[in-house]
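Please keep the sequence and the model open while reading.

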Amino acid sequence: MPAYRPPQISASEITPERLFLDRRSFLAAAGGLVLGGASAAHAATLKPSASPYKVDETPTPEKDVTTYNNFYEFGTGKGDPAANSEGFKPTPWAVKVDGLVGKPREFGLEELLAFPLEERTYRMRCVEAWSMVIPWIGFPLASLLDKVEPLGSAKYVAFETVVRPEEMPGQSGYFQPLPWPYREGLRLDEARHPLTILSVGLYGKTLPNQNGAPIRLVVPWKYGFKGIKSIVRISLTETAPPCTWNLAAPDEYGFYANVNPAVDHPRWSQATENRIGGDGFFGSNRRDTLPFNGYADDVAGLYAGMDLRANF
């Protein structure tokens, strides 16, 4: 596949009035939506610009992307997020950005939607050995970080998901599958890489509740659990932040979580994957897994000299 190259966008470029008005229209519509169902609550249309960041593969059917996924805050079954997220309220929303930055601040949803949005069709590889191809809508995480001016001592970026047990049934009850809030982290150079985005939509529309509304992380060369959903806080730190699955099972889920077919999960092979939306787990959609999920030309240099078996 051809190597990805970052688009050349002038720092002085002004968001076109049409896009600004589209976002204003979305916010007005979102404020009046009745949360009668997850999909109904998030059908607002977005109009992103085209992007050179895309794979030449058929996207996974939207129905599969929105009904088959992991979001333990709504339950541990693949269909639980779609079934149990209708009561979640993604507006109003704000993301706090703090830590080792010169200008800590809080970004409201309107400000987040004011970043120039692009549609990027990425591969998504779950650590459970299934995969999808998803047309995300979002903007580079680096654009957000630039607004807060990271200090020279900042080396990592930590993320937190919202905690609302009254709206997220997976967070309530006596037996919790994970400690909350869900936490994730990246090295600062990974976070600033052009492929790393904050997504606010997919398939031309705003994110459904079950897919991480209203804003989530997408890092396409890493296993899907790194793509933290419904983010409310981003903090820059000097040391590696705690990550939920790494803490829960450190022998199974590493901090880096780079897709690597040569390093198996302790309980299954990572050499192949099942592309969701085809003929079943052992059908024609079974395929070889690519190093770094096919993005090696772009990101392998981030890990030069590292033992990828030890730093899995």
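Notes on the model

1. The backbone oxygen of D298 is 3.1 Å away from a polar atom of the H193 side chain. H193 sits in the loop between α6 (188-191) and β7 (197-202), where helices (H or I, at least four residues) and strands (E, at least two) are DSSP runs, numbered from the N terminus.

2. H193 is buried, with a relative accessible area of 12%; buried means under 20% relative accessible area, with a 1.4 Å probe and protein chains only. Apart from neighbours within four places in sequence, H193 is in contact with W221, D298, V299 and L302 (contact means heavy atoms within 4.5 Å).

3. This is a predicted model, in which local features need pLDDT of at least 70, side-chain atom pairs count only at pLDDT 80 or more, and totals for chains, interfaces and linings use all residues. Residues are numbered from 1 along each chain as its sequence is written, and side-chain values use heavy atoms, leaving out hydrogens and water.

4. The protein has a mean pLDDT of 89, with 84% of its residues at 70 or more; pLDDT is the predictor's confidence in each residue, from 0 to 100. Over residues 1-42 pLDDT stays under 50, and the model has 62 contacts beyond four places in sequence for these residues.

Conventions:
Buried < 20%, exposed > 50% of the residue type's maximum accessible area, 1.4 Å probe, protein only. Polar contact = N/O pair within 3.5 Å; in protein donor to acceptor, adjacent residues only side chain to side chain.
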